[in-house]
Amino acid sequence: MELLAPAGDLEKLKFALHYGADAVYIGGQNFSLRANAKNFSLKDIEEGVSFAHERGKKVYVTVNIILHNEDVEGLEEYLRKLSEIKVDAVIVSDIYIIKKIQELQIPLEVHLSTQASVINPYAANFYKNLGVTRIVLGREASKIDIKKIKEKTGLELEVFIHGAMCTSYSGRCVLSNVTTNRDANRGGCAQICRWTFKEKENQIFSMTSKDLNMIPHIKEMIDIGVNSFKVEGRMRGIYYIATVINTYRTLIDKIKENTLTDKETKYYLDILNRCANRESTPQFFEKIPTKKEQYFLGRMEVSNQDFLGLVLDYDEKNKIATIEQRNYFKIGDEVEFFGPKKETFSYKIHTIENENNEKIEVANHPNMIVKLFVPEKLEKYDMMRIKIFDKQDYL
Amino acid sequence: MKNNYLVIPSHNLKKKSPNVDFLFPLKGYCVGFKKEYTLEEIDKDSYVYINRLLDSEKIESLKKILPELEKQKGIVFEDLGVLELIKEEKKNISLIFYATHANCSKDTINALLDYVDSIVISPDITTEEIKEILKKAKKKVCLYTFGPIPYMYSRRTLLKNYQEKFSLERKNELELEETSTNKKFVFIENEYGTVVFDEKKLDGRIFLNEENISYHLLNLDWEEIEDLSVWIEEFEKKLPIKNTTDGFLNQKTIYRLPPRKES
């Protein structure tokens, strides 16, 4: 069973793995969707793969554009290079790329991208016969579909459990192409489904999907044979990735140990919804989404400023944490610390010192280094956030 | 050169004309059509259109009607599961694969042609790209030459959800305008999902008489045509047709934004 995280760059890759992901998926600078993200150079991919493999973890590289005539140039060389770097798999949707890997006998494991929108066992078998070892199912696959595909094909199944949803079937939308001239299926999607529409004089509305959140169904997914639990969001920041991966890691481990309670589940749901600033639902798992699974009037989305600081160091003897500020905080604020394999704990800020050990009242400069007295032990790369939910209230 | 046509008929059209095969959207297995047809309503010796992505239950129900489909001229389909099903069931059915937005390169298309009799080139690419494909395709291919241009296919019932949310009259077809660009789209929906089209229809007649085309696909679902022979005659003479566009034929898309200029 694998927890699979998105990583838009090397820093995010390291945080995702540090916070409990078993594997990450990344995009190179060519042949991948999210063309306008920072993405990974071949050198970055090599470094990311080394970092992951040293920790017994995996890296998958997306090569999932829909090819146009001009896009084939350089593809073979790129695939060979990925193989040399020893990436653990490539995620592909165009059949030409799948067949080319087999024909050239490039030693690369091939996973089928969600862009192919596989939701039945026959389609999965078609790709299995081409040598694909894992299917990233369409987000529209229901519990029944997942079960049937597993039973009939025996393939590894990767299923999205969290993050943004396309309004359309993935790969079946070119609204961005016609509206902005940016090709959605080659990484240029401008997310037109999140824009607003109107019918004559009627209400302006959007057809935006709420996010996906499978927390209530993780156990069922384990039981029906899902192998990899995938989180969406290669464009997301380290706080989002750390929070989401840490939450699902804890949840999955508690399910395996049979120690998860309904009250705790509610707490984790609230943490995740707060972090994304969006409502989330299980979408297609049990039914076809209705009006309740959509936003109609847009979202007044403000940036999440819960992430207050990143722990850079902890002096155990003096109980002093060195923290890199990420958002404004001050003396008297109620905060909490979280980190991998750490029970989240609350703390009221009593003193703040700057780098020169001078007492200050507020940490108000981006990335400034401050020191806090924190009695409980912290680790490098733990995070400090504003305290919104108290776990004790849920228990 | 004689052009062959694969025609999705308008609702009032019954009679074929020379060089025409009909393509009937099969009820329950299609989205994005004003008129769909039950098996009983489909003329003999026609093609049957299955453009839905099929869930596990629906593809099993398709298995049951394969003997009926085998009697027809062939199937045009979007879901590669249909191909695998037909192979597993050892049925002898002519197959045309139309992944609406994925059949975009000569290499992809040649890879697909190993498994099917023909494919339909996606209407998302330029004239130059199509000409290159026609030149390099290893079998004759089909071209979407006329009809509504599909831009998006959702499994969600977007119109139903919108109309329920705002307590509006229930309609399965609606023209909606994107508010920042004022671009108009037509939404068509059934219980299996919603398809979003351009308000204008594609006119790809520049490809008439090109070589390596087995069929020009004409989608007349939005038309009112009683005499197809007359319509095709006028079509071939390139007489003007209202409310048409050249779609992506002269619009090359990009996918990486140029770097921002330093201010």
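Select chain B to begin: of its 263 residues, 49% are buried, where buried is taken to mean that 20 or more other C-beta atoms, placed from the backbone, lie within 10 Å of a residue's own. This is a predicted model, in which local features need pLDDT of at least 70 and side-chain atom pairs count only at pLDDT 80 or more, while totals for chains, interfaces and linings use all residues. Residues are numbered from 1 along each chain as its sequence is written, and chains are lettered from A in the order in which they are written.

With chain B still selected, colour by secondary structure to find 6 helices and 12 strands, which are DSSP runs (H or I over at least four residues for helices, E over at least two for strands) numbered from the N terminus. The C-alpha atoms of chain B fill a box of roughly 65 × 50 × 40 Å along the principal axes.

Next, select the contact between the chains, to which chain A gives 59 residues and chain B gives 56 residues; two residues are in contact if their C-beta atoms, placed from the backbone, lie within 7 Å. On the side of chain A that touches chain B, the elements that each supply at least two residues include α4 (95–103), α6 (143–153) and β8 (196–198), and the largest share, 5 residues, comes from α5(A).

Finally, select β8(A) together with strand β8 (residues 173–178) of chain B, which pair in the antiparallel sense over 2 bridges, pairing requiring that DSSP finds at least two bridges between the strands. Within β8(B), look for B:E178, the bridge partner of A:F197.

Note on methods: Buried ≥ 20, exposed ≤ 12 C-beta atoms within 10 Å, placed from the backbone.
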